Each structure stands twice: as structure tokens, then as C-alpha cells.
Amino acid sequence: MNLLEADSLYQDSTARVRHLDISEALDTCNGFFQGNPLIRHGDAYPSWGISADLLTPQPWQTHWLAASLLALGILTLVFLGWYWRGMRLQARNFVFSFPSGQEPSHRILPWHAILCACAILSLTGGFFYLAWFQTHNDLFFVRIPPYLLTLAFSATIALYFTLYFALSGFVNSIFFEQRERNLWRDAETFILLMEAYAFCLLTHLAVFLPLDVKQMQWAVPGVLLGGLFLYTYKLQRIFFPRYYLIFHLFAYLCTLKILPLLALAWTLTEITKHLTS
């Protein structure tokens, strides 16, 4: 046998071994490996292992979001310590109102407390809505950067507060006295601060803890309903103390609270569709 014949014989045997059905080779084990899902019939080199799924991107993996939210949390704690004494006194007034003629001569909570509350609510609302949006969509395919989305959400919420205070101030100045308006503005500031601290805590839990944002989103209606309960209670004590004014109270809540909140939710949804389509 010359060298060419030996080389041809070697290549022919190698080709037969390469195309050998592995299932036929395993049949010599009395069928022990038959039906094994890791062995594919007719494949000399079967694939091993299982397919892997990509992990869903988490909001805390976005560095600018995590840093901004931590800074906002620190400022919120500073505001809480700043307004703590006034909030504690106002919380007591929710249960025990001032007797007639003994109302405080000055506001318990300063005027800039309501600005801080609205700022915290606007920013935390934007962060939470972005975190919720990221769990339902891939930000890689969004046309604009995520921080612009957050600014759009926060600006929308801030615009809601601006319109709300303009409308409520106009209505209150027509139908109610100055003393009642002062008491209500102080109580409203307290409620907004409570909602701001609750939403700030909720946003931090949704972003930094291993919790599902889709489950945390059900806590948002809970905070809103709690705030609405406080609004209803204090409105009834200040503006509508008589029971026959219950229909006026209901109309006031629908006009200045419930319908604007529904309009805000619809606006955020439409903005999201427009910016991400």
C-alpha cells in the first residue's frame, strides 16, 4: 500500500466516524440512553445545557437615577426634620380642631412647605413612573433619553399642582371666608407633606429593594386614597360642617380632586405613548 492509498483510506474512515449517528453508537448500551432529551437523533455533536433568558433591566442599574433618588431622599429627610414640629401640631389639630375664636394668628406650617411638598411629589412621581415604565418596556428602543422622560413626567405633575392651586384658590376665594381659607391652606400643606414622604419612601422601595414594581404600583392608589380620606375629613370640618352640605362636599371633591387626578393619569399615559412611539 503506497502513501496515497493510505491517505485516502484515512480520510474515508475519518468521514465515516464524523457522520456516525451517536444514537446508533449508544444502542450498544441496550437502549439505556434512548429517549434522552439531551441527545438529538442524527446529530454527531449534540448540544448540551439549557437556553438562558436575559434578565430584565432594573431601575437601580441606571446610575443617574439612583444618584438623583438618593439625593432627593436626603433632602426629604432634611425637610422632615425642618417641618417636624409644625407637622406634629397640625396632626393634633386634625383630631382636635381649634375652638371658635382661638385660631392661630400665624400659619403653623410656613408657606414654602407647600412648595417643598409639591417639588418632592413631582420628582418622586417622575422617578416612580419611569421605574414602572422600564418594567413594561425596553428603554433601548426609546427615541429620547430616559432622563428626558423623567423630566417630562415630573414637569407634567408640577403643572398639575400649578393648575390645581390656581383653580382651588379661585373657588375658595369666592365661596369661603378668609379664616376658613387660612385653616384649609395649613391643613392642605400637612396632607401634601404626608403624601410627599409616603411617595418618596415608596419610590425608594420600588427602585432599590428587590421588589416587583408591578406589585408596588398597587400601593400608589392606597396612598392617594389615604390622602383623599384626609382631604374629605378636613374639608368637612372646615368648609362643610353641616350634614346637609354633603352634596356640596362631593361636588367639591369631584371638581378639584378626583377629576384632576384622572386627567393627570390620562395625560401621563398619552405623553408616554407620544414620546415612545
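Reader: What should I know about the numbering and the values?

Author: Residues are numbered from 1 along each chain as its sequence is written. In this predicted model local features need pLDDT of at least 70 and side-chain atom pairs count only at pLDDT 80 or more, while totals for chains, interfaces and linings use all residues; side-chain values use heavy atoms, with hydrogens and water left out.

Reader: How many helices and strands are there in the protein chain?

Author: Helices (H or I, at least four residues) and strands (E, at least two) are DSSP runs, numbered from the N terminus. The protein chain has 10 helices and 0 strands.

Reader: How do I read the packing of helix 6 and helix 7?

Author: Axes are lines fitted to C-alpha atoms, for helices over the stretch in contact, and angles run from 0 to 180 degrees between N-to-C directions. Angles under 35 degrees count as roughly parallel, over 145 as roughly antiparallel, 65 to 115 as roughly perpendicular and the rest as oblique. Helix 6 (residues 146–175) and helix 7 (residues 178–208) have axes 12 Å apart and pack at an angle of about 155°, and are therefore roughly antiparallel to each other.

Reader: Which residues of helix 6 and helix 7 meet?

Author: Contact means heavy atoms within 4.5 Å. Phe161, Tyr164, Phe165, Asn172 and Ser173 in helix 6 meet Arg181, Trp184, Glu188 and Leu192 in helix 7. As for residue classes, Ala, Val, Leu, Ile, Met, Phe, Trp, Tyr, Cys and Pro count as nonpolar, Asp, Glu, Lys and Arg as charged, and the others, Gly among them, as polar. The contact of helix 6 with helix 7 has 5 nonpolar, 2 polar and 2 charged residues.

Reader: At what angle do the axes of helix 3 and helix 7 cross?

Author: The angle is roughly 150°, and the axes of helix 3 (residues 63–82) and helix 7 come within 11 Å. The contact includes Leu69 and Gly73 of helix 3 and Tyr197 and Cys200 of helix 7. Its residues divide into 9 nonpolar, 4 polar and no charged.

Reader: How many disulfides are there?

Author: A disulfide is a pair of cysteine sulfur atoms within 2.5 Å. The count comes to 0. For Cys116, the nearest cysteine sulfur is that of Cys118, 9.4 Å away, too far for a bond.

Reader: Is Cys116 buried or exposed?

Author: Buried means under 20% relative accessible area, exposed over 50%, partly exposed in between (1.4 Å probe, protein chains only). Cys116 is buried, at 14%, and Cys118 is buried, at 11%. Buried residues make up 36% of the 277 residues in the protein chain.
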